[in-house]
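Visitor: Could you show me how to read the burial of a helix, step by step?

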Amino acid sequence: MKRVTTIFSTVLLVTLLLVGCGQKGPLYMPDEDTQGSAAEQEG
């Protein structure tokens, strides 16, 4: 049982580290009006 817990913990840690690799840029909540203006520019 201890081996299963160790393997699960390792897999979870590696997964979380890999997910964090793609996150770039400032950490903030975007304003609602900036989301609307970006959609209007595309279309």
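Visitor: Of the 20 residues of α1, what number is buried?

Guide: Buried means under 20% relative accessible area, exposed over 50%, and partly exposed in between, with a 1.4 Å probe and protein chains only. In this predicted model, where local features need pLDDT of at least 70, side-chain atom pairs 80 or more, and totals use all residues, the number buried in α1 is zero, so the helix lies largely in the open. Residues are numbered from 1 along each chain, and side-chain values use heavy atoms, without hydrogens and water.

Visitor: How does L12 count, and why?

Guide: L12, which lies in helix α1, has 42% relative accessibility and therefore counts as partly exposed.

Visitor: What share of the protein's 43 residues is buried?

Guide: Buried residues make up 0% of the 43, and the secondary structure comes to two helices and zero strands, where DSSP runs count as helices (H or I) from at least four residues and as strands (E) from at least two, numbered from the N terminus.
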